[in-house]
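Visitor: Could you show me how to read helix packing and burial in a model like this one?

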Amino acid sequence: MRVELEIWRQDGPNQPGRFERHVVTDATKEMSLLELLDRLNDQLVQEGQEPIAFESDCREGVCGACGVTVNDIPHGPVPNTPSCRQHLRAFTGIGTLRIAPLRSGAFPVLRDLVVDRSALDRIIRAGGHVDVLAGTAPDADAMLVGHDDAELALDFAACIGCGACVAACPNGAAHLFAGAKLAHLALLPHGSMERSRRAKEVTRAVEEDFGPCSSYGECVQVCPAGIPLTAVAAMQREVYRAALG
């Protein structure tokens, strides 16, 4: 199977970037996108060229490190699927795969397909946590959480922080990510005393690095964790609640 590729190459954050054309002649439809990049890098090394820098870790759709843009779609053509789980059999009818880093002003390119997503980390540092008393572990029934609330909180907590939602948004908004964190923590009794402060700090961090929400929902289509658009509404609700009290 012959696959033509246009790959973004950039030597550093302050260097100009460009697309390079390459061909992999022995690809198979079972290959994932990252396995295709592995094969291309094997070719480049054998030819004495510099391999393409890209991120990956678990390659099981869990860590979120692998995010790239494929033919202008974050992660690739299969909705709600990370780059590492996008297989070549899904790219039917596409003559050339154009692979670039996740595009956002908040994600500067470090090298080739690797971007700096520390802006998402700043949101977590601002308020994506709870304060708890350290010491002996409490009894399992010391703080009760209803089943429905627990299940919904886990749904929001499934966000893997890949940044695809930001790259998909025309405004570069991170409201789906931030809303998932706020909704997850707001549904649980842990850290309820700091709920208003958390909403204010997370909102401040979002406004510093990211654009306003477009409300179009492009973020939902690319989210590997299937975070619903209600996360954006949850963020607004937490902000209003904090303002009132």
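Guide: Let's begin with two terms: contact means heavy atoms within 4.5 Å, and helices (H or I, at least four residues) and strands (E, at least two) are DSSP runs numbered from the N terminus. This is a predicted model, where local features need pLDDT of at least 70, side-chain atom pairs count only at pLDDT 80 or more, and totals for chains, interfaces and linings use all residues. Residues are numbered from 1 along each chain as its sequence is written, and side-chain values use heavy atoms, leaving out hydrogens and water.

Visitor: Which residues of helix 6 are buried, and what covers them?

Guide: Buried means under 20% relative accessible area, with a 1.4 Å probe and protein chains only (exposed is over 50%, partly exposed in between). In helix 6 the buried residues are S196, R198, A199, V202, T203, A205 and V206. Their cover includes helix 2, helix 5 and helix 8 (230–244).

Visitor: How do I describe two packed helices?

Guide: Two packed helices are described by the angle between their axes and the distance between the axes. Axes are lines fitted to C-alpha atoms, for helices over the stretch in contact, and angles run from 0 to 180 degrees between N-to-C directions. Here, helix 2 (residues 118–127) packs on helix 5 (residues 175–186) at about 25°, with the axes 10 Å apart. That makes helix 2 roughly parallel to helix 5 (angles under 35 degrees count as roughly parallel).

Visitor: Which residues meet between helix 2 and helix 5?

Guide: From helix 2, L120, I123, I124 and G127 meet F177, A178, K181 and L185 of helix 5.

Methods:
Angles under 35 degrees count as roughly parallel, over 145 as roughly antiparallel, 65 to 115 as roughly perpendicular and the rest as oblique.
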